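Subject: Structure handover and findings

Hi,

Here is the structure you were expecting. The model comes first, then my notes on what turned up in it.

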Amino acid sequence: MSRSLKKGPYINPKILKKVLKLKEEGKRGPIKVWDKACVITPDMVGMNFEIHNGKDFIPVLVNEFMVGFRFGEFVLTTNFKGHSKKGKIAKTYGSTGRFE
């Protein structure tokens, strides 16, 4: 469900404050971000962010095509290991259900 239009996009004020401070200093970051629900604004274009995925920080360089999206859309939070191999299981256990 999307956020109400009268409220506007959710932007974490602490992140925006850090971005504006680095912009006036002429630096690009990196800025550590734990809030993946925060929306990327045009002020953040060209900045380096390190977004927390639950285990470690993933570096992300924000470009103009990311404006309007959330930080969480650019970081994977799960590690896909793959599906089980049906042939391998069938050969190992056989039709009797015992290990052969």
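One definition before the notes. A polar contact is a pair of N or O atoms within 3.5 Å; within protein, one must be able to donate a hydrogen and the other to accept it, and residues adjacent in sequence count only if both atoms are side-chain atoms.

Ground rules next. This is a predicted model, in which local features need pLDDT of at least 70, side-chain atom pairs count only at pLDDT 80 or more, and totals for chains, interfaces and linings use all residues. Residues are numbered from 1 along each chain as its sequence is written, and side-chain values use heavy atoms, with hydrogens and water left out.

Overall layout

The chain has two helices and three strands. Helices (H or I, at least four residues) and strands (E, at least two) are DSSP runs, numbered from the N terminus. Along the sequence the pattern is α-β-β-β-α. The chain has 100 residues, and 23% of them count as buried. Buried means under 20% relative accessible area, exposed over 50%, and partly exposed in between (1.4 Å probe, protein chains only). Take the contacts between residues at least 6 apart in sequence: 38% of them join residues at least 24 apart. Contact here means heavy atoms within 4.5 Å.

Helix α1

The 13 residues of α1 should span 18 Å at 1.5 Å a residue, and the end C-alpha atoms are 18 Å apart, which agrees. The expected span is 1.5 Å times one less than the number of residues. Ile15, Val19 and Leu22 are buried in α1. They cover an arc of only 70° around the axis, which puts them on the same side of α1. The arc is that of the directions from the helix axis to the C-beta atoms. An α-helix has 3.6 residues a turn, so residues three or four places apart point the same way. Pro13, Lys14, Lys17 and Glu24 are exposed on the other side of α1. The buried residues of α1 pack against β1 and β2.

Both ends of α1 are worth a look. At its start, a side-chain oxygen of Asn12 comes within 3.1 Å of the backbone nitrogen of Lys14. Just after α1, Gly26 has a positive phi of about 85°. Pro30 sits in the loop between α1 and β1. The peptide bond from Gly29 to Pro30 is cis, with omega near 10°.

The core

A nonpolar core is a set of buried Ala, Val, Leu, Ile, Met, Phe, Trp, Tyr and Cys residues joined through side-chain atoms within 4.5 Å. The largest one holds 16 residues, of which Ile15, Val19, Ile31, Met44, Phe49 and Phe71 touch the most other members. Two or more residues come from each of α1 (13-25), β1 (31-33) and β2 (48-52). α1 gives the most, with three residues. What does Phe71 contact, leaving aside its neighbours within four places in sequence? The partners are Val33, Asp35, Lys36, Cys38, Ile40, Met44, Phe49, Ile51 and Val62.

Aromatic pairs

There are three aromatic pairs in the structure. Rings of Phe, Tyr and Trp (its six-membered ring) pair if their centres lie within 6.5 Å; planes under 30 degrees apart count as stacked, over 60 as edge-to-face and the rest as tilted.

Trp34 and Phe57 have ring centres 5.1 Å apart and planes at 85°, so the pair is edge-to-face. Trp34 lies in the loop between β1 and β2 and Phe57 in strand β3 (residues 57-61), so the pair ties together parts 23 residues apart in sequence. Trp34 counts as exposed at 55% relative accessibility. Phe57 counts as partly exposed at 25%.

Phe49 and Phe71 make a tilted pair, at 4.9 Å centre to centre and 55° between the planes. Phe49 is in strand β2 and Phe71 in the loop between β3 and α2 (86-93), 22 residues apart. Both Phe49 and Phe71 are buried.

Two strand residues

His52 is in strand β2. At 19% relative accessibility, His52 counts as buried. Its side chain reaches the backbone nitrogen of Gly54 at 3.3 Å. Beyond four places in sequence, His52 contacts Val33, Trp34, Lys36 and Phe57.

Ile58 is in strand β3 and is partly exposed, with a relative accessible area of 28%. Ile58 and Val75 are 17 residues apart in sequence and 6.9 Å apart in space, C-alpha to C-alpha.

Best wishes
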